[in-house]
Amino acid sequence: VERDEGTTAENMADKPALYSYWRSSSAWRVRLALGLLGVDYEYRAVHLVKDGGEQHKADYTDKNSFGLVPTLNIDGLELTESLAIFEYLHETSKIPGKAAAAGSGDGSLLPDDVAERAAARQVASAIATNIQPIQNLRVLQRAAAPGGEMEKKVEWANYWISSGFEALEKLLEKTTENGKSRFCVGNNVTMADCFLVPQVYNAIRWKVDVSKYPLISKITAECEALPLFKAAHPDAQPDAQP
Ligand SMILES: N[C@@H](CCC(=O)N[C@@H](CS)C(=O)NCC(=O)O)C(=O)O
């Protein structure tokens with residue numbers, strides 16, 4: 001791993017920088033992680049739609065060769081992939097003094113119990129790998145609706161998110177012990193909730209009837225009432241559009 005310890009303005013600034021788009025569910029996950037750990041960061045907007053998409057421009061693909069947000073600059077590293085970013089933030093926040101130096105450090109991305117940690121990772125991974133990729137912008141643009149037809153996009157995204165949510169609801173029955181816990185795993189917010197809430201926003205956007213999934217709905221409502229989730233919401237971002 002190349003660690004850039006140079007003296008560019010970016011590294012001198014010391015503050016982590018997140019390349020994000022207000023409505024990107026993957027970037028939203030990382031906004032939640034940083035919020036939960038109390039890490040202050042600079043927001044760098046990458047417009048995914050304007051002029052064919054800034055994510056495809058060379059100055060961004062130099063950072064993220066897949067042309068996707070998020071990318072997080074932190075500790076002299078340029079990190080991509082939200083799952084990997086969560087693991088990095090979780091591991092480094094356990095270094096004594098690290099989270100305290102960065103912010104409040106009063107949250108944790110993963111539970112202490114090893115079985116609960118596995119449960120939280122299953123939920124996050126199922127959303128990140130089984131659901132979100134098939135309804136991502138570039139898939140909608142090329143596979144679902146090459147002609148740009150909105151109804152084809154809705155049909156495609158609705159189908160894949162609905163079938164994903166059928167399975168996710170069943171997984172949540174296990175991880176919540178049939179709804180006994182407040183959040184996806186236990187009574188504290190974890191990585192799993194940070195992946196769930198943005199995916200529910202996408203579901204609603206693509207006209208999925210989320211009320212058909214009682215645990216998904218209940219946990220999302222619990223999360224949305226928290227200041228952490230309000231601050232990370234797309235509408236609260238500097239690049240939000242009306
Ligand atoms: N596996 C990646 C997925 C990232 C991703 O799909 N980002 C979307 C926004 S949520 C994106 O940048 N899409 C741009 C495009 O499809 O052109 C992660 O978890 O970070």
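**A buried residue and what lies beyond**

Modeller: Phe165 is buried, with a relative accessible area of 0%. Buried stands for under 20% relative accessible area, exposed for over 50%, and partly exposed for what lies in between, with a 1.4 Å probe and protein chains only. The model is predicted, so local features need pLDDT of at least 70 and side-chain atom pairs count only at pLDDT 80 or more, while totals for chains, interfaces and linings use all residues. Residues are numbered from 1 along each chain as its sequence is written, and side-chain values use heavy atoms, leaving out hydrogens and water.

Phe165 belongs to helix H8, residues 150–175. Helices (H or I, at least four residues) and strands (E, at least two) are DSSP runs, numbered from the N terminus. Not counting residues up to four places away in sequence, Phe165 touches Ile131, Gln199, Val200, Ala203, Tyr213 and Ile216; contact means heavy atoms within 4.5 Å. Thr129 is 36 residues from Phe165 along the chain, and their C-alpha atoms are separated by 13 Å.

Thr220 sits in helix H10, residues 214–224, and is buried at a relative accessible area of 4%. Val200 is in contact with Thr220, as are Leu196 and Val197, leaving aside neighbours within four places in sequence. The backbone oxygen of Ile216 is 2.7 Å from a polar side-chain atom of Thr220. A polar contact is a pair of N or O atoms within 3.5 Å; within protein, one must be able to donate a hydrogen and the other to accept it, and residues adjacent in sequence count only if both atoms are side-chain atoms.

Next comes the sheet. It is open, with four strands in the order S2-S1-S3-S4 and mixed pairing; two strands pair if DSSP finds at least two bridges between them. Strand S2 (42–45) and strand S4 (77–80) are at the edges with a single partner strand each, so one side of each has no neighbour in the sheet. From one strand to the next the twist averages 20°. Strand S1 (residues 17–20) and S2 run parallel and are joined by four bridges. Ala17 has Glu42 of S2 as its bridge partner, and Leu18 stands opposite Tyr43 in S2. S1 is covered on both faces, with Ala17 and Tyr19 buried on one side and Leu18 and Ser20 buried on the other. In a regular strand, side chains alternate between the two faces of the sheet.

An N or O atom in the side chain of Gln55 is 2.8 Å from a ligand oxygen. For Asn136, a polar side-chain atom lies 3.1 Å from an oxygen of the ligand. The side chain of Arg29 has an N or O atom 3.3 Å from a ligand oxygen. Alone, the ligand exposes 520 Å², and the protein buries 92% of that. Accessible areas come from the Shrake-Rupley method with a 1.4 Å probe; for residues, only the protein chains shown count as cover.

How values were computed. Axes fitted to C-alpha atoms, helices over the stretch in contact; angles between N-to-C directions.
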